[in-house]
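Subject: Structure handover

Hello,

Here is the structure I promised to pass on. Please open it before reading my notes.

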Amino acid sequence: MSIFDEYYDEHNLDEYSDMSKKELVIEAEYLHNSLYNILKYVDNGGTDIDVIKAEVYDGFYESRI
């Protein structure tokens, strides 16, 4: 059993969502990618808040969480 499966089961997360474990992992991956892109942008000297906001909104839009 994976760490995610253990956590999911121990905390009864199926009570809080109508999505399957697989769907939740996919959605979390969208958010992870958006955060990674933001951090990469900032680490490379990016300071335009509109670029950061756009990435955040894209992450929320792509993710259904």
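Below are the notes on its helices and a few residues.

This is a predicted model: local features need pLDDT of at least 70, side-chain atom pairs count only at pLDDT 80 or more, and totals for chains, interfaces and linings use all residues. Residues are numbered from 1 along each chain as its sequence is written, and side-chain values use heavy atoms, with hydrogens and water left out.

**α1 and α2**

Helix α1 covers residues 3-10 (helices are DSSP runs of H or I, at least four residues, numbered from the N terminus). Helix α2 covers residues 21-43. The two pack at an angle of about 115°, and their axes lie 11 Å apart. That makes α1 roughly perpendicular to α2 (65 to 115 degrees). From α1, F4, D5, Y8 and D9 meet K21, L24 and V25 of α2 (contact means heavy atoms within 4.5 Å).

D9 sits in α1. It counts as partly exposed because its relative accessibility is 36% (buried is under 20%, exposed over 50%, partly exposed in between, with a 1.4 Å probe and protein chains only). D9 is 12 residues from K21 in sequence, and their C-alpha atoms are 9.9 Å apart.

**S34**

S34 belongs to α2. S34 is buried, at 9% relative accessible area. Leaving aside residues up to four places away in sequence, S34 touches E55, D58 and G59.

**α3**

Helix α3 spans residues 49-62, 14 residues in total. From first C-alpha to last, α3 reaches 20 Å. At its start, a side-chain oxygen of D48 comes within 2.9 Å of the backbone nitrogen of D50.

Best wishes

Conventions. The expected span of a helix is 1.5 Å times one less than its number of residues. A polar contact is a pair of N or O atoms within 3.5 Å; within protein, one must be able to donate a hydrogen and the other to accept it, and residues adjacent in sequence count only if both atoms are side-chain atoms. Axes are lines fitted to C-alpha atoms, for helices over the stretch in contact, and angles run from 0 to 180 degrees between N-to-C directions. Angles under 35 degrees count as roughly parallel, over 145 as roughly antiparallel, 65 to 115 as roughly perpendicular and the rest as oblique.
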